[in-house]
Amino acid sequence: MDPAAELAQHLIAGSGAGCIYGLLGLGFGLIYRASRVINFAHGEVMALGAFCALAGTEAGFGPVGGLALALPAAALASLAVGRLTAKVAGDGAPLAGIAVTAACAVLLRFAIETMPGWGTETHALESDFLAGTLAWGAVPIARADLAALAVTALILAGLALAGRVTRLGLALRAHIDDPRAAALTGVDPARMRDLAWLLAGALAAVAGLLVAPLAFVHSGMGILAINGFAAAALFGLARPVGALAGGLLIGIGETLLAAYMPGGTAELAVYATLLGALALRGAQSARRLA
Amino acid sequence: MRGPGPAAAALAALALAAGLAGGGYLQGQLLLVGAYATALLGLQFLVGTAGLASLGQAAFLAVGAYAAAIALQAGLAWPLALALAGVAGGAAGLAVGVLLRRLDGGPFALATLALAFVAQQIAAMAATVTGGHDGLWLTGPGVDAPSRATLFAAAWVLFLLLFLAVRNLQAGRLGRALRALHQEPLAAASLGLDPMPPRGLAMALAGFAGGVGGALYAFALGFVSPEMFGPGASIALLVMIVVGGAARPLGALWGAVFFILLREGIALAKSVDPRLAADAAGLEAAAMALAVIAVLWLFPGGLARPRRTFRSKGPPQ
Amino acid sequence: MFEKQVSLLLAAFFATVASFTLQAALLQAAEPPADEIVIGTHQSLSGPLAPWGRPIANGMRMRVEQANAAGGIHGRALRLVVEDSGYDPSRAALATRKMVEVDRVFAILGTQGTPTSAVSLPIALEAGVPFLFPISGATMFFEPFDRLKYSFVVPTGAAVGAGLDYLLAETEAMTVCALYQDDAYGQGVLDGAKAALTSHGMKLAAAEPYARGETRFGAPIAKLRRAECELIVLGTIIRETVAAMAEAGRADWSPIFLVSPGGYTAEVAALGGDTVEGLYGVGQLPIPDPDAAARPVAEWLSDYEMRFGEAGGLPAIAGYNTIDLFVRAAEAAGPEPTVDRLIAALDAIRGYETIFGSTPVSFSPTCRLGSTEVFVARIEGGRWRNDSDFLPTPPPEGCPSAR
């Protein structure tokens, strides 16, 4: 394969991975901004979504049918985690929130592993629509990567539109900007938090479905969400577009490092960069304050 | 109303005495409680006083554990190795404190989580020093490993000393400065309070306690490998201190006791009903998770509840 | 007052558990009952390797139940203590201490995983408890010599080397590469491939590590393709084996793949489907084909499914075999078994074979790696089929060479 085609292949595959990290980061950031909770159960919500999509697909409804099952299941599971965290940990406490969501992650995983037919085994999501390869000249492209790019673009556009046009979207944005001021204008903060958890769960379900054709479905797949956290944090937790940019940067950077640098450096580079980026931005925001 | 206080303290003293006298399995378990509790003291200071939720404490345990293992293999005596582990952990804590001096809240938690990843990766990659994935042994010929009884006594003496130190620091100047920075950042800034010295010191203390605790843990297991110190371990440590109670140093002890005893309780349930052991993929972890949620529900603030001071007499903040 | 009650309840809970712990600590002074032989193991009943740990434990239980149904060992019941390691070395160490100090096990058998078994080994040896047949391809479980150590798993590196020797002769591939997991397991595969190639005067053309849990293999596969590899040694497990081969297929590239024993599993064939057709693997114990198994194996498989409600496979058989070998030695050790008598009986085992067609096992007072043979299998029509006869690996010091 000629070098240009290979580079194109890596860029597309990296973007596909980056979109999935971005979708996870988007939900993670949304929850953090709306309720100040660092949600360690986000990866398990994604796994639940992937398993539901698998069940739907296996029942013969195809990936779209699978999504119809996965979206509400993951959204409700996410909402349950959010409500429980608010109830147990109270508002505005990231500390107890970490403990409660980490515990919820364990419970969700336990639920998946004890579900008959799911268990601890690895499952393949059989779908002609998502699996398989397209050829663009000499460049082989996984259909799942194309789907990830297209779906993410659609979701981002939809969210941007909803945030500007719909009443609910405007309310959520107002709540995220300044919950107290928003409450004064009649925006119910509890409802907005619920909305953020629901939305994040639905986004995680989409990520779970998109990741399944290449990475399979298994109870430990939630670990992928760690890259979503990194995506959300890389450009600050403040903006939704930042999560997507962070995801793309991590996905593409990881792929290119693995393809053109000595093996084993990619992982270290991602987290060292995240550490550096956070420290640097912390310094900048402090200067702005001073 | 301070949670299960005096009666439980008496029980703890009884168990310690039994551990010292009884030896064997109980002693091994209580040694682990001591190691965890020591490591948690540093985290408690960071979380409870400076309000910094660190997800990187396992990185400091790793620094201490590896420092101790390498020192032992170089032929040093174990008390020296233990001291070295504390110093190495403290230095690492100070360095991280300087690096992350401007962060708090969520960004601080995520940055320290990344730190845990980086530390684990370095331990795996620097194979010439750390043994890579094969790990390092703290036993064998030519290695001055302490006996379990000696280690048991050392762990609890160290815990007690650090406990007193942390309690005093928390009540003193350093504690006041950290609380001011956390609770009233604008006021602290307008007073010209530089966040760096107190935050750096707090991280150094977290690193020191983590290093000593990590070394004790490594001595107790006789083995260190990168798997032992990943982000999962860091998250578990933070959960322990939240359950134990982050507001007071006693929370470190409660957190460690809670987890080791709970694990014993589950093992006991399994031995009573073998079906539990047979069909329980992850049942133990799930039981732990339920217990964590239950404790936080019933005791907001953890088992070692915050003291009632003039601060909390008003309406809840 | 609700809080107070809860506090009391909690204190009561702690007190109960503490008193039980104390009781357990006191109990350890007592000898185990004379009509029992207690043996112990730890498995990943949870965690990343649970798909293996649970069937291994079940296979062990099945053989224990059979032995007890047949009247036990010289009238003594066999009791198996199973602890969950979660594939975490610290939990494995604690579990081992409990088995040694509280359950007072006679021997520890078939512990799963290299890091988890590694922490158990010194604890068992220090207590004078035989450490038998861990399910791990590391050399530390038979080298250096210790009278209490026995293993029958050919080290991963040696197994890969023998498989590679065979394929080099069969396929005439000249450019050999490796794709391996960046941990102790992958390192063993890499070292074995390197050693085998050195003996042919060859070198690895490329070697690509990947992090544990990696899901995307486009980049390393592209690098291996740039190196024009003809044969790729995989130090992968289940998902990574399938994903790496799928990635090569996506680029329309079909080198020869040889997977190390960690990937020689029925799951790879089931999960990969057409993708993994033609994959070679190295093993010591043939994966049973339920549709074409010989009668005793077919009966065993149906018994297992009846008992545990799931199909039995390689891990279950491996667990079953560890207890089978122990039972054989314990029966030979006589009605009053001691560690010395067990060791004498184990050392007398020669050419032990099972109904499953595994490589024969022999021990001696100088040789504690019971088996030095492997075979190469290949996926054809979605099923693993043996491709070679038993292949010798270089025997460790003190062991005879196979054939």
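Two strands count as paired if DSSP finds at least two bridges between them, and strands here are DSSP runs of E at least two residues long, just as helices are runs of H or I at least four residues long, all numbered from the N terminus. This is a predicted model, where local features need pLDDT of at least 70 and side-chain atom pairs count only at pLDDT 80 or more, while totals for chains, interfaces and linings use all residues. Residues are numbered from 1 along each chain as its sequence is written, with chains lettered from A and ligands numbered from 1 in the order in which they are written.

**View 1. Strand β6 of chain C and its two partners.** Let's start with β6(C), residues 176–181, which pairs in the parallel sense with β7(C), residues 204–210, over 6 bridges. In β7(C), look for L204(C), the bridge partner of V176(C). Together with helix α6(C), residues 184–199, β6(C) and β7(C) make a right-handed β-α-β unit (with the strands pointing away from you, the path from the first strand over the helix to the second runs clockwise).

**View 2. Both faces of β6(C).** Are the residues of this strand buried or exposed? 6 of its 6 residues are buried, meaning that 20 or more other C-beta atoms, placed from the backbone, lie within 10 Å of a residue's own. V176(C), A178(C) and Y180(C) point one way, while C177(C), L179(C) and Q181(C) point the other way.

**View 3. An open sheet in chain C.** Five strands line up as β2-β1-β3-β4-β5, with parallel pairing. The edges are β2(C), 77–84, and β5(C), 149–150, each pairing on one side only.

**View 4. Two helices crossing in chain A.** The axes of α4(A), residues 143–165, and α7(A), residues 189–215, come within 9 Å and cross at roughly 165° (axes are lines fitted to C-alpha atoms over the stretch in contact, and angles run from 0 to 180 degrees between N-to-C directions). So α4(A) is roughly antiparallel to α7(A), a label for angles over 145 degrees. On α4(A), the contact involves A144(A), A147(A), A148(A), V151(A) and I155(A), and on α7(A), V206(A), L210(A), P213(A) and L214(A) (contact means C-beta atoms, placed from the backbone, within 7 Å).

Conventions
Buried ≥ 20, exposed ≤ 12 C-beta atoms within 10 Å, placed from the backbone. Parallel < 35°, antiparallel > 145°, perpendicular 65-115°, else oblique. Contact = placed C-beta atoms within 7 Å.
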